There are 2 protein chains.
Amino acid sequence: MVHSLKTIEWKDNKVVMIDQTKLPNDLVFVEYDDYQDVANAIKTMVVRGAPAIGVSGAFGMALAVLHSNAQTKDDLIKDLEEAKKILIETRPTAINLMWGLEKIMQVALKGSDVSETKQSVIDTAKKMADEDVQTNMTMGKLGSELFDDNDTIMTHCNAGALATVAYGTALGVIRAAKESGKKVKVIATETRPVQQGSRLTAFELKHDGIDVSLIPDTAVGYSMAKGLVNKVIVGADRILRTGHVFNKIGTYQIATMAKQHGIPFFIAAPLSTFDMKSNPEDVVIEQRNASEVTGIGDKKTAPDGINVINPAFDMTPPELISGIITEKGIAKPPFEESIKKLFEENSNS
Amino acid sequence: MVHSLKTIEWKDNKVVMIDQTKLPNDLVFVEYDDYQDVANAIKTMVVRGAPAIGVSGAFGMALAVLHSNAQTKDDLIKDLEEAKKILIETRPTAINLMWGLEKIMQVALKGSDVSETKQSVIDTAKKMADEDVQTNMTMGKLGSELFDDNDTIMTHCNAGALATVAYGTALGVIRAAKESGKKVKVIATETRPVQQGSRLTAFELKHDGIDVSLIPDTAVGYSMAKGLVNKVIVGADRILRTGHVFNKIGTYQIATMAKQHGIPFFIAAPLSTFDMKSNPEDVVIEQRNASEVTGIGDKKTAPDGINVINPAFDMTPPELISGIITEKGIAKPPFEESIKKLFEENSNS
């Protein structure tokens, strides 16, 4: 039942990715055998989506050990630290990237010698990719219970197969709802400035035969006011213990409009997305290049010499969220309690 | 003090317009001497903005009489009715277009013979253009009192010189605030899908030396949550007697976010924008071409064969609006009363 698009894969000691900057016009696969190229791919959004860049980070670390000339384990760890530094700087807000890199570091530190450490890093990265797909399918099954037959579901950005190794988080839930026999339709927001909604979500839903309508980001309020939307589901780049959700710019205003119209607003994200330490004011929201807003491709859509505010993410407060779907269950308000419980159950199991 | 860009002008028995589809890259003027070309210009957004298309409609009628071969007044009126029909179909939601066309029809019906009727239609259309500039300057002066030194003002779409004959409605108020000595900055939303914010508002504000920052439509909530916005001002395409405002798609969600953050939300529009007869549910919101959302210029940004919802306007309810600035004064809540008063005072003066 896994979606046929494989976003990221370890193949013959190389990392193979779909170049998402070429979608929806061309489905192109790129191969990397240098972690610096993987870092660049994350930075330029060849690969994007929190879970996918978590696994990409891990695969970057795998390439770093593979090509390291270190003769001692200490030197190998130094090489890994250097790779980690370069990889983390590509997308500082995404907690999964940090999670992926640290998980690899922990495994590496436990290795007994150079050769065994190299192998265990590579094996762990591959396992993380496999687990991502399993996690999404579990999350999809749990989350699909929240949706009804004939629902029209709004989603923002791309929390789909293309944001993960395969299947997707928010779109995984939609896939699971459809696979369970419910007729569901999707309204996808364009998601300016990078247009993940039109380029990726519309592309992969159409690829899977799921009914999808595209709207400009300005038509969220209209669609809800006209009664076209029954539920909203999006992914997350970072979730705090308080239930504050950092996700693609524009999420906050969609959540606000949903609340105003009494429409349930759900998040779907694996436990690796949670940051149990930070407070809302601690999280740095990265600003992206002005050129994303002042033009599209080679087409200039704004005059030269103006200021641009182009934040990658915004923060949705817990009072706007109806539930957070994870692979270990669904957290409901009050989130401080329910999120804590997810992690306790998780560590007990 | 009038802005140097003249959006639409009657010159040597022709209508001269800035081709706004070419902005911000090229400032091109186009000339029409056939009303059907004017209708097409309105339809394809060579000219846009409620007051500008009101005057464009009147100029279209002027071209229709100028080139009419009618030998009797009855035949001339028939030609005008035909032109009116074609012109009104271009943008059915915009009340100013209806207002412009009907004003011309009333003048024409009063004419004594063919030649005098032709002249009075042309003179009236020219007078409407002059009055539009005067109206905007009066509105600007009245509205500027609502703004403070060092305000950062968010605006949506283009309610500027380029939406009117010159000076602008919402941007006219911002110009007047600046001319009164207040330091003001502007945050302009991109305004997908047609990008009037980046292409036109950023262009004309930069042209006038007003500090402007461009944001994607998704960053409205972020900008307000970060405290970057003190006030919001937008134009209107149609205002009902109840204070319901039809304006560019995306206005409703900006108004909702402003309310949520306690930020005053103002409308600036001349009395010709008011529709004192219709109820909210009567107003038809036109759907525009899907291609506006699935691509930009020649660049395709969405897969083929998907559905698109692309409404031109949305409706902002009166409870989200702090004040409506007109050339006859500022209406404040409760709007049903204050709007009625504006028209009573107007007819008494």
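Modeller: Buried means under 20% relative accessible area, exposed over 50%, and partly exposed in between, with a 1.4 Å probe and protein chains only. This is a predicted model, where local features need pLDDT of at least 70, side-chain atom pairs count only at pLDDT 80 or more, and totals for chains, interfaces and linings use all residues; side-chain values use heavy atoms, without hydrogens and water. Residues are numbered from 1 along each chain as its sequence is written, while chains are lettered from A and ligands numbered from 1 in written order.

Start with the contact (heavy atoms within 4.5 Å). Chain B gives 56 residues and chain A gives 57. Together they bury about 4,500 Å², with 63% of it on carbon and sulfur atoms. Buried area here is the accessible area (1.4 Å probe) that two parts lose on being put together, summed over both. Thr218(B), Tyr222(B) and Ile309(B) supply 16% of the area that chain B buries against chain A, more than any other three residues.

Now the polar side. The interface holds 38 residue pairs in polar contact, both residues at pLDDT 80 or more. A polar contact is a pair of N or O atoms within 3.5 Å; within protein, one must be able to donate a hydrogen and the other to accept it, and residues adjacent in sequence count only if both atoms are side-chain atoms. Several elements of chain B each supply at least two residues to the side that touches chain A, among them helix H7 (196–207), helix H9 (251–260) and strand E15 (313–316). Helices (H or I, at least four residues) and strands (E, at least two) are DSSP runs, numbered from the N terminus.

Two salt bridges are counted between the chains. The term needs a side-chain nitrogen of Lys or Arg within 4 Å of a carboxyl oxygen of Asp or Glu. Arg192(A) and Glu190(B) form a salt bridge at 2.4 Å, N to O.

Next, helix H6 (residues 170–179) of chain B. Eight of its ten residues are buried, so H6(B) is largely enclosed by the rest of the structure. The buried ones include Leu171(B), Val173(B), Ile174(B) and Arg175(B). Just after H6(B), Gly181(B) takes a positive phi of about 100°.

Last, strands in chain A. Pairing requires at least two DSSP bridges between two strands. E8 (238–240) and E9 (245–248) of chain A pair antiparallel over two bridges. Ile239(A) has Val245(A) as its bridge partner in E9(A). Four residues lie between these strands in the hairpin, where Gly243(A) takes a positive phi near 90°. E9(A) also runs antiparallel to E15(A) (313–316), joined by four bridges. There, Lys248(A) is partnered by Phe313(A).
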